[in-house]
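Q: Could you walk me through this one? I'd like to start with the surface and then move to the ligands.

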Amino acid sequence: MNTNKVIQVKELTKVFGDFTAVNAITFDVEKGEIFGFLGANGAGKTTAMKMLIGISNPTSGKATVAGFDVFTNAEDIKKNIGYMSQKFALYDDLTVKENITFFGGIYGLSRKRIKEKAAILIKELGLENVANKLVGSLPLGWKQKLSFSVSLIHDPKIVFLDEPTGGVDPITRRQFWELIYKASHQGITVFVTTHYMDEAEYCDRVSIMVNGKIEALDTPKKLKEQFKVDTMNDVFLKLARG
Amino acid sequence: MKTILYIIQKEFKQIFRNKGMLPIIFVLPLIQLIILSNAATFDVKNIKFGYVDHDHSSTSRELIEKFSASTYFNVHTDFPSEKLASQAMLNGEVDVVLEIPAYFERDLQKEKHNNLGVTINAIDGAAAGVENVYVTQIIQNFNKNLLVDLIQSSGSPKIQPINIVTIPSFWYNETLNYKTFMVPGILVLLVTMITLFLSGMNIVREKEIGTLEQINVTPIKKSQFIIGKLFPFWVIGLGLLTVGLTIAKLIFNIPIIGSLPLMYLYTSIYILVILGIGLFISNFTDTQQQAMFIAWFFTVIFILMSGLFTPIESMPKWAQIITEFNPIKYFVQVMRMVMLKGSGFMDILPLLLKTLFYAIVMNGLAIWSYKKTN
Ligand SMILES: Nc1ncnc2c1ncn2[C@@H]1O[C@H](COP(=O)(O)OP(=O)(O)OP(=O)(O)O)[C@@H](O)[C@H]1O
Ligand SMILES: [Mg+2]
């Protein structure tokens, strides 16, 4: 096995009843890469991601994440990955600090480490003034940044971000991508879905999913060449229209 | 272990931060106890009483005199034979028939004890239970050495509703105060309903808001999560028992004859059953609404079949078998036994073991059906 490939997926499929949400997708993700996972609404991105992070059993196919098999070693995968879901999933009725403490705690960090992490994280995100405020009272952009940082609290090898910037203003989106780059520089592999094509340009490589299948996969530059267009937006439109 | 503590800490924070929750936990019990125990009174008046006296002695007349003197029994018919008496019962002309055997006086004096037959029309099971108590009380006061034999009234199949009911627990409520009888039972409902609803809703709520998924992507063990989740509700359940017992004692002046530690021991196991059920429900539902409906469904059945309002003995056989699976029934029995009768550890041991078994099965099922991966 190539140790540089932190995610290896082969013919991975998920069927709900008689509907195939993810149809035999095959791809690899290199260590340290920012991998963009694009697709229209309902293309099957979230479903595919859930199989990779071990909370959804694949119907068939093969996949390893951080060297562990999604079928047999889902719990080992979980030690090595962070996940930020499409839906905001921190506790609105806990404060910023309490959320950090809780997730640090269930990842098994020591009290001391949690304290350190919380301090760094709050400073980095500029949340000093609201550290003891309930998360529910924060603006969406702040929540998303917090949620991203919390998903990195246990220093995972790979982080899965499902539309992390959905509904966020352009400035905050920019800041968010700075956080992503920073994580990437630290060697964390980033697996990210988005509907913003400008964000697709920031990725090292992108795949485009259409109706459960991966229809294109390459660097943004090569994809644009391949489809003879100037922007990722046009690549996407060409593919999605079929 | 440390992981569990983080969950417990978080859970308590959320519970006490939820402004709607605290009143539910601590004010509702008070209101429920006061309203229900006052409304659910079983006082039965104007019981139509009849007797068959085969003895015609001064003792038998004296006993019948006691019934005449009671304010609960009013019509008094002297039936010449059992046959006529049961005919009258069929026609609804009489609710209770006391049968005094021949040589009643002689045997009582000679052998120091004797048996009496009592037939009660149990169309209304609850009323029959109460009548049984009244009859027994009067007879016991008359002579402690008399044993009351409840006779299965022999009638044609069409008079099915007539049968005999005994509610032993009534015997220990000597003042015939129905609050004394109801309060321990209502206490049971309270502990059950609140812990079931809170625990069931709680986990489904995390499903709804998506935090459960966030927890499922962490390497946390199922058992750690479940223990951490359920422990706070276990504590709340015992807290409720404490609030309830305090109210029972201070407001209703209910005697607590048995051992308090024993009640807590039993309750602590009982709550595990309820929490297991709550978790089980939450594993099979996606929204708080669904969970609420299912929890209600079971609670209503459990309550109706608990022996709290209708004596189990007056239920049809199949229903009686179902009640064997009703945890509320056990809890009601134990509370009445310990609170009102002063039963000890050995007396409730069989119920305790059944409950423990139930707890193991329910929690086993709950843990098994809780899936981190779908
Ligand atoms: N549990 C499920 N049962 C049945 N169908 C499902 C289930 N989960 C997802 N689907 C279906 O699978 C398809 C893919 O859904 P998925 O959420 O993966 O899309 P997506 O690419 O993430 O879309 P979006 O951009 O809107 O987030 C959709 O048609 C959805 O309705
Ligand atoms: Mg999605």
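Q: How much accessible surface does chain B have, and what share of it belongs to carbon and sulfur atoms?
A: The accessible surface of chain B comes to about 16,700 Å², and 64% of that belongs to carbon and sulfur atoms; such areas come from the Shrake-Rupley method with a 1.4 Å probe, and for residues only the protein chains shown count as cover. This is a predicted model, in which local features need pLDDT of at least 70 and side-chain atom pairs count only at pLDDT 80 or more, while totals for chains, interfaces and linings use all residues. Residues are numbered from 1 along each chain as its sequence is written, chains are lettered from A and ligands numbered from 1 in the order in which they are written, and side-chain values use heavy atoms, with hydrogens and water left out.

Q: What share of chain B is buried?
A: Of its 374 residues, 54% count as buried, where buried means under 20% relative accessible area, exposed over 50% and partly exposed in between, with a 1.4 Å probe and protein chains only.

Q: Switching to ligand 1, which residues come nearest?
A: Of the 14 residues around ligand 1, the nearest are A:Gly42, A:Lys45, A:Thr46, A:Thr47 and A:Gln86, a residue being near if one of its heavy atoms lies within 4 Å.

Q: Which element gives the most to that shell?
A: Helix 1 of chain A does, with three residues; helices are DSSP runs of H or I with at least four residues, strands are E runs of at least two, and both are numbered from the N terminus. Helix 1 spans residues 45-52, and six of its eight residues are buried, among them A:Lys45 and A:Thr47.

Q: How far are the polar side-chain atoms of A:Lys45 and A:Thr46 from oxygen atoms of ligand 1?
A: For A:Lys45 the distance is 2.7 Å, and for A:Thr46 it is 2.6 Å. The protein covers 61% of the 630 Å² of accessible area that ligand 1 has on its own.

Q: And what coordinates the magnesium ion?
A: The magnesium ion, ligand 2, is coordinated by A:Thr46 through OG1 and A:Gln86 through OE1, at 1.8 to 2.2 Å. Donors are N, O and S atoms within 2.8 Å of the metal (3.2 Å for Na, K and Ca), and water is not among the atoms, so sites may look incomplete.

Q: Where do those two residues lie?
A: A:Thr46 lies in helix 1 of chain A and A:Gln86 in the loop between strand 6 (81-84) and helix 3 (96-106), so the pair ties together parts that are 40 residues apart in sequence.

Q: How exposed is A:Gln86?
A: A:Gln86 is partly exposed, with a relative accessible area of 41%, and A:Thr46 is partly exposed at 21%.

Key
Polar contact = N/O pair within 3.5 Å; in protein donor to acceptor, adjacent residues only side chain to side chain.
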